[in-house]
Amino acid sequence: MTDRLGRHVSRLLGSFAYPLTTRGRTLGTISVAVTTYCLLVLSTFPTYSLQLLGADLGYLDEALLALTANTYRTTGAVGLALVVAYAVTTGVALTVAIGRVRVAGRGGAGGLSTVLPGLLASGCASCGAGVLGLLGFAGALATLPFHGNLLRLAGLLLLVGYLARLGDPRQCSVAPPADSE
Amino acid sequence: MDGPDSISTRRALLASVGTVVAGGGVVYAGSQLGSDPTGRSSSRDRPPFHASSESTGFGIDLSGHPIMGSTDASLEMYYWSDYQCPFCQRFETNTLPKLVDTHVATGTVRVVFIQFPYLSTGSLTAAVMDRCVWRQLRGETPRRYLAWHSAVFDEQGEQGSGWAAEDNLLEVTREVDGVDAAAVESCLQRDRAGIESSISADVDRARRLDIGATPAFIIYDPATDRAVKLVGAQPSERFDTAIAELRNA
């Protein structure tokens, strides 16, 4: 049991270290993280975001600053930290998933067909708070217990769990013999 | 010489530290953005207030709602808010004073304040008290309403922290010149059920207009029967544009 936990922690660390192995991966991860953060924050009040950005894309900074402040005021430091953590983890997950596909090939075991469903499932569950907003329930989030923080936390844990299974895509994981469990 | 595990661990550590620093920066920035240092314009004391029992061409029943601006204003702006909504506070601080200077004080627009309490029970308490304060002031000193309204938004704290509890709001009311807190308290005890029912009708009407979050606005031109809807604490230029579009239609 402890060994299994250790292996998961080790793979999780490997996942988070992987984006730092080359400059391209680091920049790619940061780009995805920043984009995800922007989308998540804008989706907290989608009608407002759409009206403002529909009028002029130059309002992007205004919308991001206003909704970052609003997220902080509504969900507290924990809520905003969860959004940041989710954005960063999404960047890592996407980089690791791409790395896995490159190493294993699109059709091979551990390739696209294995990686994509997990990534989509984790991602969709994780952005649940954002999806609620996009569906027009921006006000409903504020009335959820802990202002949707539990939903965000659950989604983040799913993504972390996904990364703990994936690990560093350059390393093959070999299942230990059954009697060693 | 370091092995691959050591390098991987170091990179993971670096990634963790980077994440914490970046995340901490965003959270800190968020906290600073939330505390807007700009004060409210003194111009907000100038606009007249009036009461009305009519229904507008847009189907809004004006009775019980504070109306800021001239009775002859060519445009009407319906403003739905919740005293516990931080985005409403942002609008009150950053945008409303400019709108008052540019469009209300000049007689172009009158603003109808409508409560849309949806965040918690504190929101409803504040909304009921809002009605009580307006009932008291609308006859003789309607302009004093804005002082009370602003004082409550200034007092806004974390949702659910108790700042919008009846006792605390009465304490805020006592500090507003020209408002009789004892009379407001009596109104709360005597008329609360009826006022809640009226507010509930307002909320239902707002939902039929597809309003689900605050602040929300509909700017209406009775002459042409055209309307523009804006949501969220948008900058004043967006209101300028909407008003110009309606006036030039």
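Me: In what order do the six strands of the open sheet in chain B run?

Reply: The order is 1-2-4-3-5-6, and the pairing is mixed. Strands here are DSSP runs of E with at least two residues, helices are runs of H or I with at least four, and both are numbered from the N terminus. Two strands pair if DSSP finds at least two bridges between them.

Me: Before we go on, what kind of model is this, and how are things numbered?

Reply: It's a predicted model: local features need pLDDT of at least 70, side-chain atom pairs count only at pLDDT 80 or more, and totals for chains, interfaces and linings use all residues. Residues are numbered from 1 along each chain as its sequence is written, chains are lettered from A and ligands numbered from 1 in the order in which they are written, and side-chain values use heavy atoms, with hydrogens and water left out.

Me: Is strand 4 of chain B buried or exposed?

Reply: Seven of its seven residues are buried, so strand 4 of chain B is largely enclosed by the rest of the structure. Buried means under 20% relative accessible area, exposed over 50%, and partly exposed in between (1.4 Å probe, protein chains only). Both faces are covered, with B:Val109, B:Val111, B:Phe113 and B:Gln115 on one side and B:Arg110, B:Val112 and B:Ile114 on the other.

Me: B:Arg110 is in that list. What does its side chain meet in a salt bridge?

Reply: B:Glu76, at 2.9 Å, N to O. A salt bridge here is a side-chain nitrogen of Lys or Arg within 4 Å of a carboxyl oxygen of Asp or Glu. B:Glu76 is in strand 3 of chain B and B:Arg110 in strand 4 of chain B, so the pair ties together parts 34 residues apart in sequence. Both B:Glu76 and B:Arg110 are buried.

Me: How many salt bridges are there over all chains?

Reply: Eight. One joins B:Asp191 and B:Arg135 (3.1 Å, N to O), linking helix 7 of chain B to helix 4 (residues 121-137) of chain B across 56 residues. B:Arg135 is partly exposed, at 37% relative accessibility. B:Asp191 also forms a salt bridge with B:Arg190, the closest N and O atoms being 3.2 Å apart, and B:Arg190 is exposed at 59%. There's a network too, made of B:Arg131, B:Asp202 and B:Arg205.

Me: Switching to chain A: at what angle do helix 2 and helix 4 of chain A pack?

Reply: About 145°, with the axes of helix 2 (residues 23-42) of chain A and helix 4 (residues 60-104) of chain A 7 Å apart. Axes are lines fitted to C-alpha atoms, for helices over the stretch in contact, and angles run from 0 to 180 degrees between N-to-C directions.
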